[in-house]
Amino acid sequence: MISGQITDGQAPISGASILIKHTVRGTVSDFDGRYELPAKPTDTLQVSYLGYSPVELPVGSLRVINVILKEDATALGEVTINAGYYTTLDKESTGNIDRVTSSVIEKQPINNPLEALQGQVAGLDINQTTGLAGGGYSVLVRGRSSIVAGNEPLYVIDGVPYDTGSLGNPILNGSLFPQGNINPLNTMDPSSIESIEVLKDADATSIYGSRGANGVILITTKRGKVGDIIFSVDASSTNISVTGMLDLLNTQEYLSMRKEAYAQDGITVYPANAYDVDGTWDENRYTDWQEEFFGNPAYSHTIKASISGGQERTQFNLGGSFMKETTVFPMDFNYKRGTAYATLNYRNIKDKFRIQFSANYGTDQNILPNADLVYKAKLLAPNAPELYDEMGNLNWENSTWDNPYADLESTYQNHSENFMVNTVLNYSILKGLDFKTNLGYNSSELTEIQVNPHTKYNPAYGLTSASSNSFKNTGQRHSWIIEPQLNASYKVGEGQLNAILGTTFQERNEDAFTIYGFGFSSNSLITHFSAAQNLRILNETSTQYKYQALYTRFNYNWKGRYFINITGRRDGSSRFGPENQFANFGSIGVAWLFSEESFFKDINWLSFGKLRGSFGTTGNDQIGDYQYLNTYNITNGNYDGSIGLAPTRLFNPYYAWEKNKKTEIALETGLFSDRIRLEVAYYQNKSSNQLLGIPLPGTTGFSSINSNLDATVVNSGMELSFHTINFKRKDFDWQTDIQFTLPKSKLASFKDLEQSTYVNQLVIGEPLSILKQYHLLGVNVETGLFEFEDYNNDGTINTDDRQYVSDLSLKFYGSIANNFRFKKWNLDVFLQFVKKDGYNELFGTNYPGSFRNQPTSVLSHWQEMGDVTDMQVYTSGEQSDAVTAYSKFKQSNGVVSDVSFVRLKSLSLSYNIPLKQKTTVDCIIYAQGQNLLTLTKLKSGDPEQYSGYLPPLRRISFGVRLKL
């Protein structure tokens with residue numbers, strides 16, 4: 001039995017590989033760098049670790065073999081990068097590909113893989129659309145390039161394209177998930193992921209053609225490795241709460257506002273429905289409705305297990321997880337998810353035939369209240385009545401209010417399943433020539449039900465179950481892909497030529513069916529639509545998308561210093577008219593490894609240096625299916641007793657691809673044996689031939705026709721990645737990673753914009769994410785009303801004066817990550833920062849003085865002539881001029897503020913418990929946090945809150961991870 005410790009001379013190396021030469025017997029070093037394995041005196045140990053020169057040592061008569069590995073600056077560039085259709089070494093890559101590994105993902109208490117990427121990659125902007133588990137995400141790679149077409153990147157999981165478009169219907173869940181956005185990636189366990197690569201420039205994405213126009217995100221699941229079988233289990237519990245709430249008026253402030261509003265309106269006798277101020281409701285009562293509705297503690301419990309290992313020719317990995325998470329809402333609403341995955345690698349004894357197989361299955365269930373409690377909490381008067389009466393029943397306070405807890409009788413539930421399987425077959429035809437086939441299948445299904453029993457209404461209405469109703473939506477998506485491919489690799493002259501020739505056949509079928517039922521004999525039957533007295537079909541659609549392509553790639557590596565990569569692809573899409581179904585795209589990428597030149601060899605402080613650049617074109621077909629065809633809707637009305645068809649879209653056979661030209665130049669350097677790594681990139685993407693609705697005269701019966709418009713959107717910017725090894729000692733390490741993005745976006749041109757329907761949305765020279773608003777000048781000191789700039793000087797403020805441009809695009813963003821190791825302790829601190837403008841706390845509010853609560857910022861208001869304030873005069877609604885002025889205020893720059901922030905995005909602390917009696921066992925206890933602390937100029941609320949939906953949630957998790 002041989003044992004010892006692997007170090008770099010100062011600190012232990014965890015995860016180093018120790019193999020018996022010419023065998024498959026081996027092990028890996030534990031957290032302290034220690035190992036143990038049986039060996040013969042005639043054996044030779046092979047010790048290796050990424051970034052260090054490998055070492056071979058004969059066993060002989062030794063029983064303790066300690067090994068010191070030396071850093072190899074060139075080895076750090078030997079990291080293999082997944083580029084989708086091929087792999088490449090990091091140092092030889094001509095494109096821009098960022099990589100996030102499992103070591104980063106597993107340190108965050110998250111539910112969705114996309115959340116793990118927030119702030120981790122320069123040029124990648126990810127935002128949660130809701131804090132609810134199971135919700136969606138907005139993902140942009142280097143900005144928004146299309147005006148109305150899709151801007152989402154392409155997702156590929158183990159070689160299978162994955163459609164993250166929501167199957168949800170906003171009719172059912174619009175108050176919970178913006179635009180019905182339910183991300184199918186929710187059914188994937190982040191702990192099953194080995195790495196995520198983000199492809200950004202033309203060289204990296206053009207091999208995916210039109211599908212990669214907005215970038216590509218490649219997800220690779222974990223696979224077994226040669227060595228002993230490893231069983232691991234991870235259990236954790238998480239405490240969940242809301243990150244930030246609005247500062248709303250308390251009872252005293254609210255009642256003072258209401259009474260002053262009536263006084264300003266000259267009303268001395270309160271109207272019959274002024275229950276909050278006329279004594280009907282207790283004026284000494286106070287309830288923080290935000291705390292009541294979504295301030296409840298929530299919890300998540302997760303268990304994960306896996307087993308992996310294998311021999312030289314066969315490796316496997318099996319795993320699964322289960323998670324249950326409650327909500328911050330009252331009552332027992334929850335989210336559950338179960339996953340299972342399996343991977344298998346096999347190669348025959350002659351290494352001519354290889355198989356890679358992977359399968360992922362996930363299912364989840366979400367049970368939520370069918371009400372926007374966040375919005376209700378913002379508006380409800382703080383002295384509103386008790387929720388329950390003395391008997392424990394819902395309190396309707398003599399019909400003076402609609403009890404918000406009655407809405408909890410109405411529920412929303414969804415259940416989804418996702419299955420994905422992929423097989424890659426590889427056969428070596430000749431030396432240097434391989435035939436490879438990628439076969440993939442994906443199935444996604446979603447069922448959602450919304451029930452509205454009559455018990456959600458005041459009993460005084462006298463309703464019965466005949467008034468109850470329910471909705472049901474089912475969505476299915478099935479897709480397959482077949483990609484045969486030839487790979488050749490030969491030495492040509494003083495270099496190496498690698499070539500790929502392949503083709504893609506892909507098809508996706510999607511079905512949706514939404515039904516509405518009402519009039520039930522009993523609420524116990526409300527989910528059984530056959531028991532409904534009346535049924536109505538709200539939506540029934542079936543779509544098919546077909547995609548074909550032929551692609552090729554030529555890569556030439558000359559002397560290990562000069563690299564050129566040429567890619568070409570011909571795409572065909574069923575989404576375009578017969579005249580433009582096919583298009584050609586391509587790119588060229590070059591790189592110069594100048595640190596390998598002889599005249600740089602004597603520069604000791606330069607360990608790595610590379611210049612690279614790329615140029616290419618891609619297309620975009622994310623426009624939905626059948627957009628170029630004549631389409632019709634079935635009308636529900638009768639025409640002489642018959643159901644009719646109504647035309648909805650005109651035929652356009654010339655409907656064609658958007659064109660995206662991408663350019664990039666970058667410098668990558670490593671200094672002082674790669675203790676400092678720096679990458680700086682400049683990019684410019686031009687998207688033209690925009691797919692838009694072209695306005696038509698009303699006499700045609702249509703407002704527009706889908707077509708290509710002479711409009712160009714330009715996204716450019718600088719990206720910086722910086723990595724330093726600050727300290728590296730035996731008992732202490734400290735490393736820092738910095739990501740920084742300085743983006744710029746503008747609408748460069750738009751033919752006849754002033755005559756188009758987009759004139760009130762877009763401005764040439766400005767980003768797409770602007771708002772054309774009224775320009776708030778302040779509060780008139782004499783009238784006490786908001787004043788706005790009269791742009792056309794006609795003496796009237798109307799929609800023609802909405803000319804002020806508020807830019808909501810990102811000014812810059814990035815992150816700072818620090819990793820500390822002290823003996824058996826590890827601490828990771830990750831800070832995210834964003835500079836931007838956005839909606840403030842006054843967005844979506846009613847005029848101050850109405851029967852609605854308000855943010856505390858309305859307290860500084862106009863009361864009498866001469867007052868200089870930020871808020872106009874209070875009104876109960878009787879002052880039409882005040883109501884009109886506030887209506888314009890909500891469409892002005894007054895509801896836009898600086899919402900920049902610095903956030904302690906994640907923190908992870910772990911300790912490896914020493915288990916001396918059995919060195920093959922690793923036991924790690926950890927504490928992790930997400931969204932822990934936010935510093936912002938926003939007066940109240942969370943700067944990442946999407947409109948009025950639930951803001952991001954704070955998570956504090958404790959767990960234990962065991963490997964044996």
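## Exercises: salt bridges and a helix face

The side chains of Arg-955 and Glu-325 meet in a salt bridge, 3.0 Å from N to O. The model is predicted: local features need pLDDT of at least 70, side-chain atom pairs count only at pLDDT 80 or more, and totals for chains, interfaces and linings use all residues. Residues are numbered from 1 along each chain as its sequence is written, and side-chain values use heavy atoms, with hydrogens and water left out.

**Exercise 1.** Find which strands hold Arg-955 and Glu-325.

*Solution.*
- Recall the term: a salt bridge puts a side-chain nitrogen of Lys or Arg within 4 Å of a carboxyl oxygen of Asp or Glu.
- Locate the pair: Arg-955 is in strand E47 (953-963) and Glu-325 in strand E19 (314-326), so the bridge ties together parts 630 residues apart in sequence. Strands (E, at least two residues) and helices (H or I, at least four) are DSSP runs, numbered from the N terminus.

**Exercise 2.** Decide whether Arg-955 and Glu-325 are buried or exposed.

*Solution.*
- Set the cut-offs: buried is under 20% relative accessible area, exposed over 50%, partly exposed in between (1.4 Å probe, protein chains only).
- Apply them: Arg-955 has 6% and is buried. Glu-325 has 2% and is buried.

**Exercise 3.** Work out where the buried residues of helix H9 (880-889) lie on the helix.

*Solution.*
- List them: Ala-882, Ala-885, Tyr-886, Lys-888 and Phe-889.
- Look down the axis: they fall within an arc of 155°, so they line one face of H9. The arc uses directions from the helix axis to the C-beta atoms.
- Name the partners: these residues pack against strands E39 (776-779) and E40 (786-788), where contact means heavy atoms within 4.5 Å.
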